[in-house]
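Hi everyone, thanks for coming.

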Amino acid sequence: VCQKEGIADNKEMFCRTFSARMLEKHGIGKAMENSGGLYEIAKLSFPQWNLKPWHMKKSAKITEEVVIDAVKWMIEEKLGWSHEEVCEKICVRTFYECGIGKVLMKGCHHSPIEALQIAYPGQYERSMLANAENPFRK
């Protein structure tokens, strides 16, 4: 399917366009039901891409587990921020620039404070993150 659609060699294009409709178009829509969904199919089909649920534009429900994984990935791996840096720098824009805006929007009511409290319970209080809700803070 991905070869026929011309997206097998382009991770970004694949993540933007891979969909249930694409599978149905090629007569394999049932594969999604039997495999656990689009994200599972993508992850198994392209292990070299190390796909995460938030990479997929047209799939993956944003569960609490996805929020936790995405926020920890962003802070610990992508940004490498300390607790102090998070308190000083985090804002709505941070999530979008790191590619997890969908997680913030759908899993945390567009609130960086809620995202941090889900991912790191008891570690971030609202008073520590006075500017976190500001979308323009850098």
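**Charges, helices and cores**

Let's start with charge. The protein carries 20 positive and 18 negative side chains, and the centres of those two sets lie 8 Å apart. For the counting, Lys and Arg are positive and Asp and Glu are negative, while His and the chain ends are not counted. The place of each charge is taken as NZ of Lys, CZ of Arg, CG of Asp or CD of Glu.

Some housekeeping before I go on. This is a predicted model, where local features need pLDDT of at least 70 and side-chain atom pairs count only at pLDDT 80 or more, though totals for chains, interfaces and linings use all residues. Residues are numbered from 1 along each chain as its sequence is written, and side-chain values use heavy atoms, with hydrogens and water left out.

Okay, the overall picture. There are 10 helices and 0 strands in the protein. Helices here are DSSP runs of H or I with at least four residues, strands are E runs of at least two, and the numbering goes from the N terminus. The C-alpha atoms fill a box of roughly 55 × 25 × 25 Å along the principal axes.

On the inside, 41% of the 138 residues are buried. Buried means under 20% relative accessible area, exposed means over 50%, and partly exposed is in between (1.4 Å probe, protein chains only).

How about contacts, meaning heavy atoms within 4.5 Å? Of the contacts with a separation of 6 or more, 51% are between residues 24 or more positions apart.

**Salt bridges**

Back to the charges. Side chains of opposite charge can pair when their charged atoms come close. How many salt bridges does the structure hold? It holds 3, where a salt bridge is a side-chain nitrogen of Lys or Arg within 4 Å of a carboxyl oxygen of Asp or Glu.

Take Arg-16 and Glu-12, whose side chains meet at 2.9 Å, N to O. They sit 4 residues apart in helix α2, residues 11-17, so about one helical turn separates them. Arg-16 is partly exposed at 38%, and Glu-12 is exposed at 55%.

Next, Glu-40 pairs with Lys-43, with the closest N and O atoms 3.6 Å apart. Both are in helix α5, residues 38-45, and they are 3 residues apart, about one turn of the helix. Glu-40 is partly exposed at 26%, and Lys-43 is partly exposed too, at 34%.

Then there's Glu-85 with Lys-89, at 3.6 Å from N to O. These two are in helix α7, residues 83-89, and being 4 residues apart puts about one helical turn between them. Glu-85 comes out partly exposed at 25%, and Lys-89 partly exposed at 31%.

**What's inside**

In soluble globular proteins, nonpolar side chains tend to be buried together. A nonpolar core, in our sense, is a set of buried Ala, Val, Leu, Ile, Met, Phe, Trp, Tyr and Cys residues joined through side-chain atoms within 4.5 Å.

Which residues have the most contacts inside the largest core? They are Val-71, Ile-90 and Leu-116, in a core of 29 residues. The elements giving two or more residues to this core are α6 (64-79), α7, α8 (92-97), α9 (101-107) and α10 (112-119). The largest share, 7 residues, comes from α6. Apart from this core lies another one, of 16 residues, including Phe-18, Ile-41, Phe-46 and Trp-49.

Zoom in on Ile-90. Leaving out residues up to four places away in sequence, Ile-90 touches residues including Met-74, Trp-81, Phe-95 and Leu-116.

Now find Thr-94, in helix α8. Is Thr-94 buried or exposed? Thr-94 is buried, with a relative accessible area of 7%. Again skipping residues up to four places away, Thr-94 touches Met-74, Leu-79, Trp-81 and Lys-89.

Last stop is Trp-49, in the loop between α5 and α6. Trp-49 counts as buried, at 14% relative accessibility. Trp-49 and Lys-11 are 38 residues apart along the chain, and their C-alpha atoms are separated by 7.1 Å. Setting aside neighbours within four places in sequence, Trp-49 is in contact with Ile-7, Ala-8, Asp-9, Asn-10, Lys-11 and Phe-14.

Conventions:
Contact means heavy atoms within 4.5 Å.
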